[in-house]
Amino acid sequence: MPRTYRRKTSWGSTPLEEIERAASEVKGGKSIRSVAKERQIDRSTLRRYIKKRDTQEVKSVGYSGTASAKRVFSEEVEKELAEHIKKLAEQFHGISPKKCRELALELAGRNNIPTPSNWTEKGLASKEWFKNFLARHHLSCRMPEATSLGRATAFNKTTVGEFFDNLAKVIDR
């Protein structure tokens with residue numbers, strides 16, 4: 001199976017509101033078959049939704065990018081990790097992909113989040129999880145280049161202003 005899934009059918013694309021309206025019609029006394037035919041919803045889908053709604057199990061309808069059963073971190077924890085990585089990069093201390101994967105495993109361990117067995121065997125998060133994490137949060141994590149302290153501190157507003165003033169003088173000659 002390819003790593004980036006592209007949907008080929010329109011199954012599961014019925015909006016939740018439409019299914020909810022159809023379910024309320026069924027609850028009002030109409031048959032599932034007639035409501036499904038009127039609203040052009042698969043009757044098995046409608047029946048399954050009504051059954052799940054009665055037992056309070058409805059999360060969402062249709063395809064969602066990552067199955068909730070296979071998620072390692074919640075969205076909040078992932079966002080926190082992404083913000084931390086961005087903050088490190090802003091402070092001229094980018095981390096390598098391997099360090100980032102180790103950081104993910106350490107974060108899971110400290111928060112008592114269960115992880116897949118291959119994470120604990122290797123001591124870091126899987127390459128597949130890492131690639132998808134970067135894609136979900138629009139990050140780029142590469143081997144950092146060494147930045148000298150002099151270069152980092154010299155890049156400020158006054159020195160850049162002086163540079164452009166000198167450049168303007170040279171161009172005016």
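Start with the cysteines: the structure holds zero disulfides, a disulfide being a pair of cysteine sulfur atoms within 2.5 Å. You are looking at a predicted model, where local features need pLDDT of at least 70 and side-chain atom pairs count only at pLDDT 80 or more, while totals for chains, interfaces and linings use all residues. Residues are numbered from 1 along each chain as its sequence is written, and side-chain values use heavy atoms, with hydrogens and water left out.

**Stop 1**

**Stop 2: His-137**

Next, select residues 127-137, which make up helix H7, and find His-137 there. Is His-137 buried or exposed? With 17% relative accessibility, His-137 counts as buried. Which residues does His-137 touch, not counting those up to four places away in sequence? Show Glu-78, Lys-79, Ala-82 and Lys-86: these are its partners, where contact means heavy atoms within 4.5 Å.

**Stop 3: the whole chain**

Zoom out and colour by secondary structure. The chain has nine helices and zero strands; helices (H or I, at least four residues) and strands (E, at least two) are DSSP runs, numbered from the N terminus. The C-alpha atoms fill a box of roughly 85 × 50 × 30 Å along the principal axes. The radius of gyration of the chain is 26 Å, whereas a compact globule of 173 residues would have one near 16 Å. That radius is taken over C-alpha atoms, and the globule rule is 2.2 Å times the number of residues to the power 0.38.

Of the contacts in the chain with a separation of 6 or more, 58% are between residues 24 or more positions apart. Buried residues make up 24% of the 173 residues.

**Stop 4: charges**

Finally, colour by charge. The chain carries 35 positive and 22 negative charges, and their mean positions are 7 Å apart. Lys and Arg count as positive and Asp and Glu as negative, with His and the chain ends not counted; each charge is placed at NZ of Lys, CZ of Arg, CG of Asp or CD of Glu.

Technical notes
Buried < 20%, exposed > 50% of the residue type's maximum accessible area, 1.4 Å probe, protein only.
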